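I opened my notebook to look up how the side chains pack and pair in this one. Here are my entries, in the order I made them.

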Amino acid sequence: MIRIDLLVNSPIFLLGLVEVLKSAGLTAASIRTTPDEALSSPVDAIVIDADALTPAEQPEQIAAAARIAPVLILDNSFAAHADYVRAGAYGVVSKRTSAEGLVAAIRAATSGLSLGPARSDVPRRPDHGKAAQQLSEREEQVLRFISCGLTHGQIATRLGISPHTVETYVSRIRVKLRAGNKAELTRAALLGGMV
């Protein structure tokens, strides 16, 4: 069973969210209304309503949560998507998404799948374009994280591997894609349909 921490400051929204999770067989193991409250139990994912975060402290709050479990941000605006991901969020889901879309995003985050392009909250595996056909599944994951602007250390933390192992994957990816720098890697990911 997937255990979720919810950080939501709207009581009505929170009630609906708990029911959505419950009906999908997921458990709201911890419910908080401010980021200052401690988790009440271990969790597999953290869902944070962007409105519950202090704007000035968002990066630190997201980074702290991401050290515990994959973080999904609920936000109606995708303007800050890249900022959330750089801070450590696994992805952003629109508050307007369907219950099924939110549950699918949570399942994707807990299993390591991509949430797709910046404006999509539908989990997907990468398209099998030219670049994707040459890479292993783990190399594709590393490439997606690089294209989102994550550092090698952040990628290592997300995947539960050492930074040295990330370096090895990046070296292999560069050779396979004939890419010299992160800009070329990001371009390959875009052209391969991986982001």
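**Notebook: charges, rings and cores**

I began with D49, which counts as buried because its relative accessibility is 3%; buried means under 20% relative accessible area, exposed over 50%, and partly exposed in between, with a 1.4 Å probe and protein chains only. A note on what I am reading: this is a predicted model, where local features need pLDDT of at least 70, side-chain atom pairs count only at pLDDT 80 or more, and totals for chains, interfaces and linings use all residues. Residues are numbered from 1 along each chain as its sequence is written, and side-chain values use heavy atoms, with hydrogens and water left out.

Next I looked for the partner of D49. K95 forms a salt bridge with D49, with the closest N and O atoms 2.7 Å apart (a side-chain nitrogen of Lys or Arg within 4 Å of a carboxyl oxygen of Asp or Glu). The two are 46 residues apart, with K95 in the loop between β5 and α4 (99-111) and D49 in strand β3 (residues 45-49); helices (H or I, at least four residues) and strands (E, at least two) are DSSP runs numbered from the N terminus.

I then checked K95 itself. K95 counts as partly exposed, at 23% relative accessibility. K95 also meets D51 in a salt bridge, at 2.6 Å from N to O. D51 lies in the loop between β3 and α2 (58-66), so this pair ties together parts 44 residues apart in sequence.

K95 has a ring to note as well: K95 lies over the face of F13, 5.9 Å from the ring centre (NZ of Lys or CZ of Arg within 6 Å of the centre and within 35 degrees of the ring normal).

How many aromatic pairs does a search of the whole structure find? I found 1, where pairing needs ring centres within 6.5 Å, and planes under 30 degrees apart count as stacked, over 60 as edge-to-face and the rest as tilted. The rings of Y90 and F145 have centres 6.3 Å apart and planes at 75°, so I logged the pair as edge-to-face. Y90 and F145 are both buried.

Last, I looked at the cores. The largest nonpolar core has 38 residues, and I4 and L6 are among those with the most contacts inside it (a set of buried Ala, Val, Leu, Ile, Met, Phe, Trp, Tyr and Cys residues joined through side-chain atoms within 4.5 Å). Another core lies apart from it, with 17 residues, including I46 and V71.

Terms used:
Phe/Tyr/Trp six-rings, centres within 6.5 Å; stacked < 30°, edge-to-face > 60°.
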